[in-house]
Amino acid sequence: MREAMAQARVGDDVYGEDETVNALQEKVSALFGMEAALFCPSGTMTNQIAIRAHTRPGDEVICDQLAHIYLAEGGGIAVISGASVRLLNGWKGMFTAAQVAENINPIDDSHFPRTRLVAIENTVNRGGGCCWDLEEIQRIRNTCDLNGLALHLDGARIFNAMVARGESAKSHGALFHSISICLSKGLGAPVGSILLGTQEFIGYAHRLRKVFGGGMRQSGFLAAAGIYALDNHVARLKSDHDKARYVERELKSLRGLKTVLAAETNIVIFQLDASVSPESLLKHLSGLGIIAQKIGPQTIRMVFHLDITDSHMEVITSAIRTFAQ
């Protein structure tokens with residue numbers, strides 16, 4: 001990947017002159033069967049650009065209460081778009097078309113914000129990396145079409161979902177008005193995300209990227225890493241999923257374990273009972289070079305990626321077993 005970055009042919013991307021960025025954008029838009037793409041520094045930026053492009057101040061966005069766009073993007077929906085949020089109580093961050101239909105505000109009543117956008121996240125980070133069902137997404141899209149709503153995908157880990165479910169990129173591209181894709185998650189690029197949509201939508205998104213301060217010059221060095229990741233790191237995501245499932249099974253012997261979510265992809269989320277301090281477990285793990293994250297009062301998250309080797313897995317397994325004693 002570093003060799004590909006060093007050899008990249010670059011130019012000024014703000015003016016559309018960076019041929020490596022252009023190649024990445026063309027590659028991803030073709031892969032998903034969408035008209036155009038825009039390379040940005042982060043997934044937060046691609047998500048927030050999409051929300052701003054789809055809405056106007058005073059509009060409302062429907063998403064799950066566990067959604068990254070709501071919980072972990074610095075209040076961007078309010079700050080940048082001036083929109084309110086209708087939170088749904090789904091299952092592990094996944095809701096239904098019926099829930100969407102029940103939460104669309106009446107368009108002719110000025111007491112309510114106008115519902116403009118539905119956003120889903122696949123895989124769901126706080127849902128333990130679970131994957132949406134394409135048939136339910138199709139039903140949600142149908143509901144959106146009937147009510148004049150846009151449908152956005154926060155696809156930070158969409159390739160994990162596609163590998164786990166054996167789905168194609170085009171099957172997802174056909175369902176959404178816009179898609180955000182991270183290259184820096186399991187795909188292993190150092191930085192960068194892609195926003196997909198129509199030519200008109202991406203044209204406006206390009207303007208918004210400039211406003212956000214996301215216009216970059218010789219960013220082909222970063223885009224080259226994304227191209228390499230797409231060419232070499234997609235199929236191997238299954239290895240991350242296998243490691244996560246293995247650790248999920250091992251955690252069932254952990255002292256003080258209350259629950260652990262089924263690991264469908266590369267994320268393991270588990271909860272400790274009140275008898276065990278999460279800080280004590282995190283300290284035990286960090287002493288062995290294992291970094292995990294506390295995401296709730298008694299909840300810990302582990303994420304598996306291409307830098308975790310089989311020898312690392314032996315250390316993780318030993319750490320779980322020794323803490324259980």
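Visitor: In which loop is the place of lysine 92?

Guide: This is a predicted model, in which local features need pLDDT of at least 70, side-chain atom pairs count only at pLDDT 80 or more, and totals for chains, interfaces and linings use all residues. Residues are numbered from 1 along each chain as its sequence is written, and side-chain values use heavy atoms, with hydrogens and water left out. Helices (H or I, at least four residues) and strands (E, at least two) are DSSP runs, numbered from the N terminus. In these terms, lysine 92 has its place in the loop between strand S3 (84–88) and helix H6 (97–102).

Visitor: What is the value of phi at lysine 92?

Guide: Lysine 92 is a residue other than glycine, yet its phi is positive. The value is near 55 degrees.

Visitor: How many salt bridges does the count come to?

Guide: A salt bridge is a side-chain nitrogen of Lys or Arg within 4 Å of a carboxyl oxygen of Asp or Glu. By this rule, the count is 17.

Visitor: Why does the pair of aspartate 12 and arginine 217 tie together parts that are apart in sequence?

Guide: The side chains of aspartate 12 and arginine 217 meet in a salt bridge, with 3.1 Å from N to O. Aspartate 12 lies in the loop between helix H1 (2–6) and helix H2 (19–32), and arginine 217 in the loop between H10 and helix H11 (220–232), so the parts that the pair ties together are 205 residues apart in sequence.

Visitor: Is aspartate 12 buried or exposed?

Guide: Buried means under 20% relative accessible area, exposed over 50%, and partly exposed in between (1.4 Å probe, protein chains only). Arginine 217, with a relative accessible area of 38%, is therefore partly exposed. Because its relative accessibility is 15%, aspartate 12 counts as buried.

Visitor: With which arginine does glutamate 250 form a salt bridge?

Guide: The closest N and O atoms of this pair are 3.0 Å apart. Glutamate 250 lies in helix H12 (residues 237–251) and its partner in helix H14 (residues 310–324), so the pair ties together parts that are 71 residues apart in sequence.

Visitor: At what angle do helices H3 and H10 pack?

Guide: Axes are lines fitted to C-alpha atoms, for helices over the stretch in contact, and angles run from 0 to 180 degrees between N-to-C directions. Met45, Ile49, Ala50, Arg52, Ala53 and His54 in H3 meet residues of H10, including Phe201 and Tyr204. The axes of H3 (residues 43–54) and H10 (residues 199–211) are 10 Å apart, and the angle is about 115 degrees.

Visitor: Is the crossing of H2 and H11 left-handed or right-handed?

Guide: A crossing is left-handed if the near helix is turned anticlockwise from the far one by less than a right angle, and right-handed if clockwise. H2 and H11 pack at an angle of about 35 degrees, with their axes 8 Å apart. Among the residues making the contact are Leu24 and Val28 of H2 and Ala223 and Ile227 of H11. H2 passes H11 in a crossing that is left-handed.

Visitor: What distance separates the C-alpha atoms of serine 184 and alanine 156?

Guide: Serine 184 is in the loop between strand S6 (178–182) and strand S7 (193–197), and it counts as partly exposed at 32% relative accessibility. Along the chain, serine 184 and alanine 156 are 28 residues apart. Their C-alpha atoms are separated by 8.8 Å.

Notes:
Contact = heavy atoms within 4.5 Å.
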